[in-house]
Amino acid sequence: MSQGGGVLSDALLVARKDLLLERRAKIGLGQVLPFAILVLLLFAFALDPDRGILKLATPGLFWVTVLFSAVLTLQRSFALEAEDGILEALRLSGMSPAGIYLGKVTALTIELLLLEAVLVLGVAVLYDTKFLGIPLLFAIALLATLGIAGAGAVYGALAARLRSRETLLPLLLLPLLAPVLIAATRGCEVSLEREAMSGWPWAALLGIFALVYLTLGSFLFRPLLEDA
Amino acid sequence: MTTTKTQSASNLSPAPTGTGSRGTRVLGGFALVFLVIAVAYGLFISPADAQLGNTIRIIYMHVPTVMAAYMAFIITAVSSGMYLWKRTEFWDLLGSSGAEIGVLFFAVTIVDGALWGKVTWGVFWRWEPRLTTSAVLLIMYIGYLAVRAIPADPRTRATRCAIIGIVAIVNVPIVHKAVDWWRGLHQGKTVLGTIDPEMGGTQLFAMYSALIAGLLVCVWLLIHRFRAGFLAERASDLGLDQALEERRLESSPATGEDA
């Protein structure tokens with residue numbers, strides 16, 4: 001049983017494993033990213049781009065796209081573990097559950113941030129968005145993504161071994177992430193100067209959300225791995 | 001009477017035959033009395049409100065149902081935490097009973113709230129903080145029930161549900177804050193869901209008797225649901241024992257050990 005600095009080194013180990021798997025399999029790059037861009041196109045078809053609705057709704061559409069893509073990324077991330085009893089193997093490996101959890105969260109956060117970076121380009125090109133307030137935008141993207149990954153990893157692990165996981169995960173996760181969607185969207189609107197108020201309270205709310213779920217997840221992952 | 005006495009301790013006794021007991025019958029009686037009082041005062045005796053008119057009669061129902069739902073959800077949250085600590089069937093069953101009754105009362109709350117909105121605002125739904133939070137909350141607990149309904153061994157299922165119960169309740173203040181800020185800039189608070197301090201005597205009486213009735217009905221349902229859940233577990237144990245016994249009998253009667 002690893003002790004002391006073990007949690008962090010376990011987390012790094014798991015994160016590296018996940019990122020390596022992604023680099024080799026390229027599911028995120030080859031399937032989730034095209035899906036996300038497709039959603040951006042679908043929104044443009046649904047909301048006439050000539051009437052300015054698309055431009056007005058850009059931050060919301062961006063984050064809805066991120067949420068849908070996050071569900072897919074999570075499915076993938078935990079489908080890896082659920083097959084061939086790998087979750088049991090992880091449990092038996094002696095790594096701390098909190099370390100495994102934080103590792104999954106780290107890998108997910110990195111994957112999602114990369115996805116968001118490409119999506120931002122997509123939005124800039126397709127929806128003709130001009131970005132202002134860059135520091136706020138960065139803070140919001142980072143904190144929102146940590147929150148999504150933190151809450152998502154708990155429910156991703158919980159749903160992983162269920163046969164109905166494809167339908168269950170969005171039902172469980174998306175209502176939980178409603179405050180993230182609200183805060184991230186509003187914060188981005190501020191940074192795009194659509195709303196004349198400070199955007200930092202939104203970033204703070206996202207930070208609290210992320211902190212709460214990272215703490216909760218670190219504690220809940222032990223019973224989750226052992227019994228659920 | 002002696003049989004009902006043993007039934008009231010049915011949580012522990014091995015073979016309870018029903019979900020009723022003297023305790024629940026007394027509780028149910030009280031609930032019924034308060035319901036009758038609440039209906040009489042709420043619908044007939046108390047006057048219409050000066051500002052809200054007759055729609056205040058919806059609020060006599062709305063406040064109790066939302067209070068009962070919150071009570072049930074808090075019971076679920078506490079039970080979820082206790083389950084992860086104690087790992088006993090009691091906390092698991094209490095938690096899932098709370099979620100089920102909570103969803104029931106919450107759905108009723110949203111429906112009667114929407115009816116009130118239609119009369120008062122002219123629309124069933126407004127993106128008002130409390131309504132929006134409620135909608136998100138209801139769906140979170142429907143997710144809990146969805147997981148509950150998936151067959152699994154009792155310990156696995158109980159752990160999954162306990163985790164969802166904890167995560168859901170922690171999310172409530174965050175959702176509320178987000179939605180509050182989101183809509184807070186655009187409109188003021190609504191009267192719906194608050195007890196107006198200027199309510200007159202019979203109105204206040206109607207409100208409080210409805211509140212007591214609502215909470216009593218909720219507790220009464222909760223106890224019955226808990227016991228029904230307990231009996232269902234015993235029934236499935238029994239089914240398993242029977243199946244095991246049958247398989248044993250199928251094997252060679254001489255050794256009785258070959259499977």
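Predicted model: local features only at pLDDT ≥ 70, side-chain atom pairs only at ≥ 80, totals over all residues.
Guide: Residues are numbered from 1 along each chain as its sequence is written, chains are lettered from A and ligands numbered from 1 in the order in which they are written, and side-chain values use heavy atoms, with hydrogens and water left out.

Visitor: How many helices and strands are there in chain B?

Guide: Helices (H or I, at least four residues) and strands (E, at least two) are DSSP runs, numbered from the N terminus. Chain B has seven helices and zero strands, so its pattern along the sequence reads α-α-α-α-α-α-α.

Visitor: What does helix α3 of chain B reach from its first C-alpha to its last?

Guide: The expected span of a helix is 1.5 Å times one less than its number of residues. Helix α3 (residues 56-86) of chain B has 31 residues and reaches 44 Å, close to the expected 45 Å. After α3(B) comes B:R87, with a positive phi near 60°.

Visitor: How do I read the interface, and what do chain A and chain B bury between them?

Guide: The size of an interface is often given as the accessible area lost when the parts come together. Here buried area uses a 1.4 Å probe and is summed over both parts. For chain A and chain B the figure is about 2500 Å², with 81% of it on carbon and sulfur atoms. Contact (heavy atoms within 4.5 Å) involves 28 residues from chain A and 29 residues from chain B.

Visitor: Is B:T156 buried or exposed?

Guide: B:T156 lies in helix α6 (residues 154-184) of chain B. B:T156 counts as buried, because its relative accessible area is 12%. Leaving aside neighbours within four places in sequence, B:T156 is in contact with A:D227 and A:A228.

Visitor: And over all chains, to what does the count of salt bridges come?

Guide: The count comes to 20. One of the pairs is A:D128 with A:K55, at 3.7 Å, N to O. This pair links distant parts of the chain, 73 residues apart: A:D128 sits in the loop between α5 and α6 of chain A, and A:K55 in helix α3 (residues 53-82) of chain A. A:D128 also meets A:K130 at 3.3 Å, N to O. With exposed meaning over 50% and partly exposed lying between the two cut-offs, A:D128 is partly exposed at 40%, A:K55 is partly exposed at 38%, and A:K130 is exposed at 58%.

Visitor: Which residues are linked in a network of salt bridges?

Guide: Look at A:K17, A:D18, A:E81 and A:K104, which are linked in such a network.

Conventions. Buried area = accessible area lost by both parts, 1.4 Å probe. Buried < 20%, exposed > 50% of the residue type's maximum accessible area, 1.4 Å probe, protein only. Salt bridge = Lys/Arg side-chain N within 4 Å of Asp/Glu carboxyl O.
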